[in-house]
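Dear colleague,

I am passing on the structure below, and my notes on what was found in it follow. Please read them with the coordinates open beside you.

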Amino acid sequence: MPLASAAARARCRGAHAAIAGLAGRPWAPQDGHRNDAGARVLRRLRLASGLVLFAYLAWHLGNAGLAIVSLGTADAALVTVYPLLTSWPVTGVLLAALLTHFALALW
């Protein structure tokens, strides 16, 4: 059986990466970009903004779940958390997380 050429082996590696779902993904190891500090910063920003948005979404859906149980319970939870969520620092963090996550999705 003849040995495959270097180009054929490279195509196979690319095909295996595509099958595994790693081709074109920013977190997949790319040649020459394995320890790129900028890529690490972008991944951490994406993760941090995603976690902030996830926390807000979890709270929002939890409050909606409380509304299924009882509107009084949902109102009591809303009264305790609403002043925190409408404060300027928290609103700024949520808005910054939303814009950062959206911008990095387009990156």
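Trp59 counts as partly exposed at 24% relative accessibility, where buried means under 20% relative accessible area, exposed over 50% and partly exposed in between, with a 1.4 Å probe and protein chains only. Tyr56 is likewise partly exposed, its relative accessible area being 36%.

Before going further, please note that this is a predicted model, in which local features need pLDDT of at least 70 and side-chain atom pairs count only at pLDDT 80 or more, while totals for chains, interfaces and linings use all residues. Residues are numbered from 1 along each chain as its sequence is written, and side-chain values use heavy atoms, with hydrogens and water left out.

The mean pLDDT, the predictor's confidence in each residue from 0 to 100, is 81 for the protein chain, and 67% of its residues reach 70 or more. Among the elements, helix α1 (residues 6–19) has the lowest mean pLDDT, 58, whereas helix α4 (residues 88–106) has the highest, 95. Buried residues make up 9% of the 107 residues in the chain.

Helix α2 also packs against helix α3 (residues 71–85), at an angle of about 155° and with the axes 7 Å apart; axes here are lines fitted to C-alpha atoms, for helices over the stretch in contact, and angles run from 0 to 180 degrees between N-to-C directions. That angle makes α2 roughly antiparallel to α3, given that angles under 35 degrees count as roughly parallel, over 145 as roughly antiparallel, 65 to 115 as roughly perpendicular and the rest as oblique. On the α2 side the contact (heavy atoms within 4.5 Å) is made by Tyr56, Trp59, Asn63, Leu66 and Ala67, and on the α3 side by Leu71, Thr73, Ala74, Ala77, Leu78, Val81 and Leu85.

Leaving aside residues up to four places away in sequence, Asn63 touches Ala74, Ala77 and Leu78.

Elsewhere in helix α2 lies Leu42, which is partly exposed with a relative accessible area of 23%. Again not counting residues up to four places away in sequence, Leu42 touches Leu104 and Trp107. Leu42 and Thr100 are 58 residues apart in sequence, yet 9.9 Å apart in space, C-alpha to C-alpha.

With best wishes

Methods:
Helix = DSSP H or I, 4+ residues; strand = E, 2+ residues; numbered from the N terminus.
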